[in-house]
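Trainee: I have a new model on the screen. Please show me how to read its features.

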Amino acid sequence: MSDNERVILAYSGGLDTSCILVWLIEKGYDVICYLANIGQNEDFSSAEAKALRLGAKKIIIEDLRDSFLNDYVWPSIRGGLIYEDRYLLGTSLARPCIASGLVRAAIRENAKFISHGATGKGNDQVRFELACYSLHPTVKIIAPWRLPEFFERFVGRQALFEYAAANDIPLPVTPKNPWSCDANLMHISYESGILENPDQEAPESLYQMTSSTETAPSDPTILEITFDKGNPVSLMNIQTKEAITEQLALFVSLNEIAGRHGIGRIDIVENRFLGLKSRGIYETPAGTVLYHAHLDLEALTMDREVRKIKQQLQQKMADFVYCGFWFSPEFDFIRQCVDISQKCVNGTVRVSLFKGQVRILGRRSQLSLYNQELVSMDAHGGYDPVDAGGFIRAHAVRLKEYYRVQTETE
């Protein structure tokens, strides 16, 4: 390798990072590409050959699927994380996982710089860089889309297409179909191009992980999902009796089954951390099923007041993840609190997957706080209904006083 400065490029093989690879070489850097396998449907051999052909000194391909699942996706499921009531954070979770790999590569390769293809308007630049600075405080970041010499040269995606054509860079998208997508084990996200108009319906051909409800199977699939301390540990297909306990295989199988039933599609406008609104389309089949099943099991096993506190914490936790603060003291604190709440979240939830819907059919747990005899309308079960009168009167004191004052002032 030459004496030029080394840079680790977060490489995907798509339009932006392929052009950035060639541009960095033009600027005199020795580029080492880093490609994380986090479950995307990728021809890694072709990506390696492409990077080397375009001039990369080396490409590092690291299998992070188990790490992504265990260290990022499962904490999200335990936390019940959802941003602005709809987004299950698939991209947000992937960024700190990839960033940790970038930092390891930079240290190992003695590279002073890390570069990425995130735009200057988006969330990913924040997520990547906050994670890199947290894990490797002395690293320097090259963010081309924030450099005038880059963004003034490449005004819009058409300029990138022209640059790619001039430099013989093969691309998986064309100007006729120019939305971009980002995939991982948990989801696929789509944005830009025609999708920038929030009133433009996405074509059915866009979707890769999920069937439409029109073409989804005419019969439901019934599954039982077992959790241990909030983590999914078993997936049982009731019809076929097939059981899966290996974590990665469980998630991949649930993705396939839920996707076949059209589960996990959302088309939303969200608030980016920088203050801009953006339109995004997401497919999160397994994540959607697990979110609903886990929520249902929490209701069965978790104390009411603990659940209220956790709801407040999980909203903050989701915001931290979305905004790029995975490696922060505040996130560590909340995550530990949430994990304590999950000690009781053990049990099995039975779900029906059908035509885009997740329906809870039943749930059971040895740690269930549901007392059928106590709650039954057919037996007292040790509960004295007379006590309810005092309970109601005690709570009524405040209300009576409030309305007494209101009446007197009127």
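Mentor: K355 sits in the loop between β13 and β14 (357–364). Helices (H or I, at least four residues) and strands (E, at least two) are DSSP runs, numbered from the N terminus. This is a predicted model: local features need pLDDT of at least 70, side-chain atom pairs count only at pLDDT 80 or more, and totals for chains, interfaces and linings use all residues. Residues are numbered from 1 along each chain as its sequence is written, and side-chain values use heavy atoms, leaving out hydrogens and water.

Trainee: What is the phi of K355?

Mentor: Most residues other than glycine have a negative phi. K355 is not a glycine, yet its phi is positive, about 50 degrees. E84 also has a positive phi of about 50 degrees and is not a glycine. E84 lies in the loop between α3 (65–79) and α4. Just after α7, D168 takes a positive phi of about 55 degrees.

Trainee: Is K355 buried, partly exposed or exposed?

Mentor: Buried means under 20% relative accessible area, exposed over 50%, partly exposed in between (1.4 Å probe, protein chains only). K355 has 26% relative accessibility, so it counts as partly exposed. E84 is partly exposed too, at 29%.

Trainee: Which residues touch the most other members of the largest nonpolar core?

Mentor: In soluble globular proteins, nonpolar side chains tend to be buried together. A nonpolar core is a set of buried Ala, Val, Leu, Ile, Met, Phe, Trp, Tyr and Cys residues joined through side-chain atoms within 4.5 Å. Here the largest core has 74 residues, and I8, Y34, F68, L89, I114, I225 and F251 touch the most other members. Helix α4 (residues 90–108) gives the largest share, 9 residues. A second, separate core of 30 residues includes V22, C33, L35 and A159.

Trainee: Which residues of helix α7 are buried?

Mentor: An α-helix has 3.6 residues a turn, so residues three or four places apart point the same way. In α7 (residues 157–166), the buried ones are A159, L160, F161, Y163 and A164. They pack against α1 (15–26).

Trainee: Where does Q342 lie, and what does its side chain join?

Mentor: Q342 is in the loop between α11 (329–341) and β13 (347–354). Its relative accessibility is 0%, so it counts as buried. A polar contact is a pair of N or O atoms within 3.5 Å; within protein, one must be able to donate a hydrogen and the other to accept it, and residues adjacent in sequence count only if both atoms are side-chain atoms. The side chains of Q342 and E298 make one of 2.9 Å.

Key:
Contact means heavy atoms within 4.5 Å.
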